[in-house]
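Keep the structure open beside you as you read.

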Amino acid sequence: MSQPDKPSFAGGRNIALKVPPHQWEDTVSFYRDVLGLKRIEGTGAEEVCFEFGASRLWIDRVKTVSQ
């Protein structure tokens, strides 16, 4: 009995964290100040992007997320 073809998945360059407003500043501060990631994009008001190796880590403030 042969295996059916399995789907193929691959990661992209972007990683997104959706963060509630009450945790956004602390989350950004952690990646910037504690881990020392370099900020490369974003307005800083609703989203920010850090260099994370070959990837980009986007941290988005999302009002509809509670935890």
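Start at Glu-41, which stands opposite Cys-49 in S3. Residue numbers count from 1 along each chain as its sequence is written. The model is predicted, so to speak of local features a pLDDT of at least 70 is needed and side-chain atom pairs count only at pLDDT 80 or more, while totals for chains, interfaces and linings use all residues, and side-chain values use heavy atoms, with hydrogens and water left out.

Now widen the view to the strands. Helices (H or I, at least four residues) and strands (E, at least two) are DSSP runs, numbered from the N terminus. Two strands pair if DSSP finds at least two bridges between them. Strand S2 (residues 39-41) and strand S3 (residues 47-52) run antiparallel and are joined by two bridges. On to the next pairing: six bridges connect S3 with strand S4 (residues 55-61), again in the antiparallel sense. Here Val-48 has Ile-59 in S4 as its bridge partner. The hairpin of S3 and S4 has two residues between the strands, and Gly-53 there takes a positive phi near 65°.

Next come the charged side chains. Side chains of opposite charge can pair when their charged atoms come close. A salt bridge is a side-chain nitrogen of Lys or Arg within 4 Å of a carboxyl oxygen of Asp or Glu, and by this rule the count comes to three. One of them brings together the side chains of Asp-60 and Lys-18 (2.6 Å, N to O). This pair links distant parts of the chain, with Asp-60 in strand S4 and Lys-18 in strand S1 (residues 14-19), 42 residues apart. Is Asp-60 buried or exposed? Asp-60 counts as buried because its relative accessibility is 13%; buried means under 20% relative accessible area, exposed over 50%, and partly exposed in between (1.4 Å probe, protein chains only).

Arg-61 and Glu-46 form another salt bridge (3.9 Å, N to O). It also links distant parts of the chain: Arg-61 lies in strand S4 and Glu-46 in the loop between S2 and S3, 15 residues apart. Arg-61 is partly exposed at 23%, and Glu-46 is partly exposed at 36%. Asp-33 and Arg-32 also meet in a salt bridge (2.8 Å, N to O).

The structure holds one aromatic pair. Phe-30 and Tyr-31 form this pair edge-to-face, at 5.2 Å centre to centre with 85° between the planes; rings of Phe, Tyr and Trp (its six-membered ring) pair if their centres lie within 6.5 Å, and planes under 30 degrees apart count as stacked, over 60 as edge-to-face and the rest as tilted. Phe-30 counts as partly exposed, at 38% relative accessibility. Val-34, placed in helix H1 (residues 21-34), is exposed, with a relative accessible area of 59%.
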